[in-house]
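Visitor: Hello! Could you walk me through this protein, one piece at a time?

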Amino acid sequence: MSPRSFNIPRFLSMLPLFSDIGLPELERLATGCHIRRVERGEMVFRVGDPCLSFQVVVSGQVKLFVISPDGHEKVIELIGPGGSFAEALMFLGKPYMVNAQALAETVLLDVQRDVVVDELQRDPRFAMRMLAGLSRRLHGLVHDVQAYSLQSGLQRVIGYLLRDQTAEDGVTGEVVTVSLPVSKATVASRLSLTPEYFSRVLRELEEARLIEVDKRDIRILDPQRLAAYPA
């Protein structure tokens, strides 16, 4: 992908945050955006760096994480294509409070704070969409805190495997394959579990003939039975 050939207004129009914004507004926003490539393992930013923009993942994946005083890594969020991050900190005018690292070769769109603030002052609709996006992020964080506080490790793993399934999806006996987008250790950190505990839960679910594990591919042999386990 060449930065020169990348149509920034068109890309912005496909994002929920900007989907109701007209072409003139998108073109104004595009003047404060730029594309950058980040190699696998490269840091996007570190704790303490100044936050003058927010980022949207065009392709690839980014890990947001912090390091505890004893040196352990805690994954806060995994951001895939179309996902954005750092909006709230950008408005606060404070340095980054987390680290961001590319988990694969990644293309990012940086959206500069100044152009966003100008558009917020021009268009109340855009302000409402920004608030809605921040509210969804806050809701997700509250959900995570509830899960960590009220659910067992087993329930968190099952919930993660079934995150894209609804009660109406599938029928009894249908096999669903879930491909982990990152390593098991990274998923474990995202769920606030140790890698050893995460692997132990997967073995337990395999022994109960609820899943089959093939490296990063996990076949759910019966989603309804898995959702009900261990009842």
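This is a predicted model: local features need pLDDT of at least 70, side-chain atom pairs count only at pLDDT 80 or more; totals for chains, interfaces and linings use all residues.

Visitor: Is strand E8 mostly covered or mostly open, and how many of its residues are buried?
Guide: Strand E8 runs over residues 106-112, which makes seven residues to check. A residue counts as buried when its relative accessible area is under 20%. By that test strand E8 is mostly covered, and the number of buried residues is six.

Visitor: Which residue of E8 stands opposite phenylalanine 54?
Guide: Let's begin with the strands. E3, residues 53-59, pairs with E8 in the antiparallel sense over six bridges. E1, residues 33-38, also pairs with E8 in the antiparallel sense over six bridges, and there valine 38 stands opposite threonine 106. For phenylalanine 54, the residue opposite in E8 is valine 111.

Visitor: Is lysine 63 buried or exposed?
Guide: Lysine 63 lies in strand E4, residues 62-67. Among the residues it touches are Val75, Leu78, Leu103 and Thr186. Its relative accessibility is 6%, so lysine 63 counts as buried.

Visitor: With which side chain does the side chain of lysine 63 make a polar contact?
Guide: A polar contact needs N or O atoms within 3.5 Å. The side chain of lysine 63 has such a partner at 3.0 Å, and that partner is the side chain of glutamate 73.

Visitor: Which backbone oxygen does the side chain of arginine 190 reach?
Guide: Arginine 190 is found in helix H7, residues 184-190. With a relative accessible area of 17%, arginine 190 is buried. At 3.4 Å, its side chain reaches the backbone oxygen of isoleucine 76.

Terms used:
Residues are numbered from 1 along each chain as its sequence is written. Side-chain values use heavy atoms; hydrogens and water are left out. Helices (H or I, at least four residues) and strands (E, at least two) are DSSP runs, numbered from the N terminus. Buried means under 20% relative accessible area, exposed over 50%, partly exposed in between (1.4 Å probe, protein chains only). A polar contact is a pair of N or O atoms within 3.5 Å; within protein, one must be able to donate a hydrogen and the other to accept it, and residues adjacent in sequence count only if both atoms are side-chain atoms. Contact means heavy atoms within 4.5 Å. Two strands pair if DSSP finds at least two bridges between them. Lists of a residue's contacts leave out its neighbours within four places in sequence.
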